[in-house]
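Work through the exercises below with the sequence and the model at hand. Try each task before reading its solution.

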Amino acid sequence: MPPIPAGVEVPELGPNDTIPVPGLIVNNQLIPSGNLEWYWVTAPYPKHLLKKRQEWTRLRNAVYVTYPYAKKAGVIINEINARLSGVTDKEERKKYLKTREKELKKEFADPLSNLSVYQGKVLMKLINRQTGNNCYDIIKEYKGGFTARVYQTVAFFFNSNLKQPYDAQGNDQEIEMIVQEVQRMYRM
């Protein structure tokens, strides 16, 4: 046992204090201490928390997959709006939209067709977040009201809605938290 430095208060030992133990010096006072082995305590995950965790993981994965597409969609829609703001001729407008549609189909048709229905719902919310317009309004503006209604009907059969709003402070608070996490991670 190393010698105790001067100025350290030593506890008074009784007649039965014969077992030496390791000690630490804290605030000039000798305190008995020891190291315990590590023990891992495991318990089954509570079912209600397990279900919530699975839902959160599914949502988080969906946001991570779809957010880059929503971000690109926001940029593209803003580009198209800026270009079409000065165009008054209906034919020229239609021609421009047709060429952009071909480019976009070429770039996004395959990756977006591989999304699940759930990921599609999340993507619609994120597009609404990026552009400020729901998908129904976007389709109606560029493709017409009839096409928008047809797509809305298809979405209805998949238990979805193209007109779903995005409420960052309400129902979509979790999505907003995940988006902010993604933005912090990738400095998007």
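The model is predicted: local features need pLDDT of at least 70, side-chain atom pairs count only at pLDDT 80 or more, and totals for chains, interfaces and linings use all residues. Residues are numbered from 1 along each chain as its sequence is written, and side-chain values use heavy atoms, with hydrogens and water left out.

**Exercise 1.** Find which residues make the nonpolar surface patch, and which helix gives the largest share.

Solution. 
- Step 1: Val117, Phe146, Val150, Tyr151, Val154, Phe156, Phe157 and Phe158 make a patch of about 890 Å².
- Step 2: Helix α5 (residues 145-157) gives six residues, the largest share. Helices are DSSP runs of H or I, at least four residues.
- Step 3: Phe158 is in the loop between α5 and α6 (173-186).

**Exercise 2.** State whether leucine 59 is buried or exposed, and where it lies.

Solution. 
- Step 1: Leucine 59 is in helix α1.
- Step 2: Its relative accessibility is 8%, so leucine 59 counts as buried (under 20% relative accessible area; exposed is over 50%).
- Step 3: Its C-alpha atom is separated by 8.3 Å from that of glutamine 119, 60 residues apart along the chain.

Conventions. Patch = residues over 30% accessible without salt bridge, like charges linked within 9 Å, V, L, I, M, F, W, Y side chains within 5 Å. Areas by Shrake-Rupley, 256 points an atom, 1.4 Å probe, with all protein chains shown as cover. Salt bridge = Lys/Arg side-chain N within 4 Å of Asp/Glu carboxyl O. Helix = DSSP H or I, 4+ residues; strand = E, 2+ residues; numbered from the N terminus. Buried < 20%, exposed > 50% of the residue type's maximum accessible area, 1.4 Å probe, protein only.
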